[in-house]
Amino acid sequence: MRVVIAGGHGKIAKLLLSRLAEHGVECLGLVRNPDHTAELRALGAESAVLDLETAALPAVAGIAEGADALVFAAGAGPGSGAARKDTVDRAAAVLFAEAAQTAGVRRFVQLSAMGLDRAYQPGVDDVFSAYLRAKEAAERDLRERDGLEWTILRPGRLTDEPATGSVALAEPGVLEAGSGSVSRADVALVLAALLESGAAAGKTVELLAGETPVDEAVAAL
């Protein structure tokens, strides 16, 4: 298996790259900063320097070609303004999905967020609202694409706690968006299980800390 991950230097992506490499998966992380390539090599992954905010479709599709799956785990990150929420969390996700179709890669997993409807609640910070709207638009674009075996994973509030290996994983409407958190390490475990099993194709699933072992939770989907 070969997996290409957008946002390769992000916290979740690095955990995922390490996990996949340990399981013998050939993986490549896209990074904007060439200084980050050595760190990905140390995790057992390849890297490619590419800025999805400025890259053209042929360049992205060329990197995706030959992959078995693509994972969109990029984000503008804290401290960025509303404009970059749109150019990264929405537009880059759209570009990456289009690259998957162009390169003939069917499996596509997109990291999103729980509680996207909070964007429309009174009093929500403008930048946070822009972030949620960008994620919502990226999800909508992905669902409308033909030929992709997509899965959208929406984790709750992220923490840097160690992995527990147990989660609560369900389709929308079961878990409460404001009721809990999940560690980035457990998110990476779920992403790896989704990729390795092929589960939840065509589904949006939400994720919090819980009591069900990851493999069981993914298999139940």
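**View 1. Charged side chains of the predicted model.** Lys and Arg count as positive here, and Asp and Glu as negative. Keep in mind that this is a predicted model. On that count, the chain carries 31 negative side chains and 21 positive ones. The centres of the two sets lie 3 Å apart.

**View 2. The whole chain and its dimensions.** Seven helices and eleven strands make up the secondary structure elements listed for the chain. Its radius of gyration is 16 Å, close to the 17 Å that the globule rule gives for 221 residues, so the chain is as compact as a globular protein of that length. Along the principal axes, the C-alpha atoms fill a box of roughly 40 × 40 × 35 Å.

**View 3. Surface, burial and contacts.** Of the 221 residues, 49% count as buried. The chain exposes about 9700 Å², and carbon and sulfur atoms supply 48% of that area. Take the contacts between residues at least 6 apart in sequence: 69% of them join residues at least 24 apart.

View 4. Strands of a sheet pair through backbone hydrogen bonds, either parallel or antiparallel.

**View 5. Strands 8 and 10 up close.** Here strand 8 (residues 166–170) and strand 10 (residues 203–209) run antiparallel, joined by four bridges. To find your place in this pair, look for Leu169, which stands opposite Leu207 in strand 10.

Technical notes
Residues numbered from 1 in each chain as written. Predicted model: local features only at pLDDT ≥ 70, side-chain atom pairs only at ≥ 80, totals over all residues. Heavy atoms only, no water. Helix = DSSP H or I, 4+ residues; strand = E, 2+ residues; numbered from the N terminus. Rg over C-alpha atoms; globule rule 2.2 N^0.38 Å. Buried < 20%, exposed > 50% of the residue type's maximum accessible area, 1.4 Å probe, protein only. Contact = heavy atoms within 4.5 Å. Areas by Shrake-Rupley, 256 points an atom, 1.4 Å probe, with all protein chains shown as cover. Charge placed at Lys NZ, Arg CZ, Asp CG, Glu CD. Pairing = 2+ DSSP bridges.
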